[in-house]
Amino acid sequence: MPKGCSLLAQLQIGQATPVFGTQKDARVLVLCGRDEPENKGPSFEQIYAQMNEERVSLMARRYLRDLRRDAIVDYR
């Protein structure tokens with residue numbers, strides 16, 4: 001985490017950072033509020049269902065591949 005982010009993470013709402021900058025300018029940041037990010041990632045159940053679907057699909061493709069490989073076509 002960058003230094004500035006860790007500094008802001010420690011602040012309470014309405015609190016200011018210590019003065020920083022160069023000799024020509026001085027800066028202070030004030031934390032006005034925090035917005036918690038929403039967890040938009042897939043749930044455990046969705047991931048588990050997707051993995052099962054992929055596993056079953058792979059087994060079906062293997063089964064069809066084996067059937068086609070072992071098939072004998074007899075023309076008369």
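**Chat: a patch, a buried threonine and some salt bridges**

Q: Which residues make the nonpolar surface patch?
A: This is a predicted model. In it, Val19, Val28 and Val30 make a nonpolar surface patch of about 270 Å².

Q: Where is valine 19 found? And is valine 19 buried or exposed?
A: Valine 19 sits in the loop between α1 and β1. It is exposed, because its relative accessible area is 62% and the cut-off is over 50%.

Q: What about threonine 17, buried or exposed?
A: Threonine 17 lies in the loop between α1 and β1. It is buried, with a relative accessible area of 5%.

Q: What does threonine 17 touch?
A: Leu7, Leu8, Leu11, Val28 and Leu29, leaving out residues up to four places away in sequence.

Q: New topic. How many salt bridges are there?
A: The count comes to three. Aspartate 25 pairs with arginine 27, at 3.2 Å from N to O. Aspartate 66 meets arginine 65 at 3.3 Å. Arginine 69 also bridges to aspartate 66, with the closest N and O atoms 2.9 Å apart.

Q: How far apart along helix α2 are arginine 69 and aspartate 66?
A: They are three residues apart, so about one helical turn separates them. Arg65, Asp66 and Arg69 are linked in a network of salt bridges.

Q: Where is confidence lowest, and where is it highest?
A: Helix α1 is lowest, with a mean pLDDT of 72. Helix α2 is highest, at 96. The protein averages 86.

Note on methods. Residues numbered from 1 in each chain as written. Predicted model: local features only at pLDDT ≥ 70, side-chain atom pairs only at ≥ 80, totals over all residues. Heavy atoms only, no water. pLDDT = per-residue confidence, 0-100. Helix = DSSP H or I, 4+ residues; strand = E, 2+ residues; numbered from the N terminus. Buried < 20%, exposed > 50% of the residue type's maximum accessible area, 1.4 Å probe, protein only. Contact = heavy atoms within 4.5 Å. Patch = residues over 30% accessible without salt bridge, like charges linked within 9 Å, V, L, I, M, F, W, Y side chains within 5 Å. Areas by Shrake-Rupley, 256 points an atom, 1.4 Å probe, with all protein chains shown as cover. Salt bridge = Lys/Arg side-chain N within 4 Å of Asp/Glu carboxyl O.
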